[in-house]
Amino acid sequence: MKEKIWQKDVCYTILRAYTNACARTCFRKMKFNGLEKIPAEGALIFASNHCCTMMDPMVLCCKSVEPLSFGARADIFRKPLVAKILRFIKMVPLARPHDGREAVLGNNAVFDEVVDVIEHGVPFCLYPEGTHFPGYELHRLKTGASRIALLAAENYPKPVYIIPTGLIYSDFYDFMADVTINIGDPIEVHKGDTPPEVTAKLTERMTPLIYEPERKPVTGKWWKRILALLSLPLFALCAAASSPILILTAILARNLEDRAWINTVRFGCRYLFFVLWPFHCGFFLLLNFYKKLI
């Protein structure tokens, strides 16, 4: 019998704690705004902008150690082993229009499974833009989140909410940047609502959650340049100590066609070397510091 995504798994719980720790150390600062807006009861669907590939779900998972399921593009589920791993981390395949009519029709069965997931108390997160865009604007939303919410509202006795979410990265490509997660006012979905109506309301509430962060000018350059020179031995030490992560990242990233995946690759390589995290953090914190002085 196929295991349900919402069922508890000890291995998942242990790895989730480790994954959260790894994800948090990938950023200089991580800030959640509006967590108090998340309803305590009911079926929850988080709808977020998508700008930093697999780092987006990693960031959202950091809000708690409770299970959180995700929708991901269907084509990455084609290999059985990869599909099994993705399912273990509670991801389900969602086809996009260019995947073909037959694949899109298969979403109906996936939607039924997602409804089962949220009705068993596991929130579901998806990216209604349909693909990732490294930028600070909201692109046209697809109706997937609205359709799932309406399916759940048909039979679920408790309220069904879509939670508008905005992810703000201070940089999409530099490691150890800052990230802010904005939670907006939830949208309660009722029977009789239509997908276009709910999607329009979601667009309205997501838009102000996504903005370009304020860039503070670099001041006091003279003493910071002295500090940069004094820190060079420490930088060299961090570079040498974290070289296994840096070398593996360079090998895996050399053929990347989409640069937005670079931090996901860095995350994956760091995941393998727990004891080297402090040196890897130090390397990128200092590297980013030097970049600002140039």
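This is a predicted model: local features need pLDDT of at least 70, side-chain atom pairs count only at pLDDT 80 or more; totals for chains, interfaces and linings use all residues.
Which residue forms a salt bridge with Asp 174?

1. The partner of Asp 174 is Lys 291, and their closest N and O atoms are 2.9 Å apart. Asp 174 sits in the loop between S6 and S7, while Lys 291 belongs to helix H12 (residues 277-293), so this pair links parts of the chain 117 residues apart. Lys 291 is partly exposed, with a relative accessibility of 42%.

2. The whole structure holds five salt bridges. Another one of them joins Arg 28 to Asp 178, with 2.7 Å between the closest N and O atoms. Because Arg 28 is in the loop between helix H1 (10-24) and strand S1 (29-33) and Asp 178 is in strand S7, the pair ties together parts that lie 150 residues apart in sequence.

3. Have a look at Glu 113 and Arg 87 too: their side chains form a salt bridge at 2.4 Å, N to O. Arg 87 is partly exposed, at 21% relative accessibility.

4. Most residues other than glycine have a negative phi. Lys 90, however, has a positive phi of about 70°, and Met 176 has one of about 60°. Lys 90 is in the loop between helix H3 (80-88) and strand S4 (91-94), and is buried at 4% relative accessible area. Met 176, in the loop between strands S6 and S7, is buried as well, at 6%.

5. Finally, the axes of helices H9 (residues 232-241) and H10 (residues 243-253) come within 5 Å and cross at roughly 65°. Residues in this contact include Ala 240 of H9 and Leu 246 of H10. By class, the contact has five nonpolar residues, one polar and no charged ones.

Terms used:
Residues are numbered from 1 along each chain as its sequence is written. Side-chain values use heavy atoms; hydrogens and water are left out. Helices (H or I, at least four residues) and strands (E, at least two) are DSSP runs, numbered from the N terminus. Buried means under 20% relative accessible area, exposed over 50%, partly exposed in between (1.4 Å probe, protein chains only). Axes are lines fitted to C-alpha atoms, for helices over the stretch in contact, and angles run from 0 to 180 degrees between N-to-C directions. Contact means heavy atoms within 4.5 Å. Ala, Val, Leu, Ile, Met, Phe, Trp, Tyr, Cys and Pro count as nonpolar, Asp, Glu, Lys and Arg as charged, and the others, Gly among them, as polar. A salt bridge is a side-chain nitrogen of Lys or Arg within 4 Å of a carboxyl oxygen of Asp or Glu.
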